[in-house]
Amino acid sequence: MNARLDAFSSPTVGKVFKHIIAAGKVLEDSTLPLATQELVRLRASQINGCGFCTDMHSKDAAAAGETSVRLHLVAAWREATVFTEAERAALELTEQGTRIADAAGGVTDEAWANAAKHYDEEQLAALVCAIALINAFNRANVIIQQPAGDYRPGQFA
């Protein structure tokens with residue numbers, strides 16, 4: 001499979017992605033746990049059918065010490081016992097924030113209140129930004145059909 005557009009050599013895509021990546025680096029300095037950030041990125045990527053980002057974030061999470069059990073269960077997090085209540089709240093917010101078009105009211109007050117029980121205002125801000133940024137990457141990669149499977153952990157660090 002070949003991408004419809006070579007994102008890695010396109011000056012326009014390169015400039016835009018540079019800014020999205022820079023925005024994402026701000027999250028590295030946030031107090032939102034890195035494990036939560038990777039779970040959020042992985043779940044949104046699964047929902048959006050972005051093979052490239054699913055490949056990247058599952059490998060980056062594993063390289064950072066995430067267990068294979070938790071990575072395999074992200075798609076079924078509601079039935080899994082391996083996630084904390086805080087992670088479950090973040091995954092619910094991720095799903096609702098990613099499936100905005102599928103929900104008449106967008107993100108529910110209940111999902112927001114549950115996340116707010118576990119995260120302070122700055123962590124919530126980081127969580128919202130993480131969800132928004134991964135959705136932007138997912139959409140671009142799905143549109144151009146960026147192939148998945150060859151990513152190496154830390155490749156774009």
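## Surface and model

The accessible surface of the protein chain is about 8600 Å², and 58% of this belongs to carbon and sulfur atoms (Shrake-Rupley method, 1.4 Å probe). This is a predicted model, in which local features need pLDDT of at least 70, side-chain atom pairs count only at pLDDT 80 or more, and totals for chains, interfaces and linings use all residues. Residues are numbered from 1 along each chain as its sequence is written, and side-chain values use heavy atoms, with hydrogens and water left out.

## Overall fold

The protein chain has seven helices and zero strands (DSSP runs, of H or I with at least four residues for helices and of E with at least two for strands, numbered from the N terminus). Its radius of gyration is 15 Å, close to the 15 Å that the globule rule gives for 157 residues, so the protein chain is as compact as a globular protein of that length. The radius is taken over C-alpha atoms, and the rule is 2.2 Å times the number of residues to the power 0.38.

## Nonpolar cores

The largest nonpolar core has 28 residues, and Val40, Tyr119, Leu127 and Phe137 have the most contacts inside it. Such a core is a set of buried Ala, Val, Leu, Ile, Met, Phe, Trp, Tyr and Cys residues joined through side-chain atoms within 4.5 Å, where buried means under 20% relative accessible area (1.4 Å probe, protein chains only). Helix H7 gives the most to this core, with nine residues.

A second, separate core of nine residues includes Val74, Trp77, Ala80 and Phe83.

Terms used
Buried < 20%, exposed > 50% of the residue type's maximum accessible area, 1.4 Å probe, protein only.
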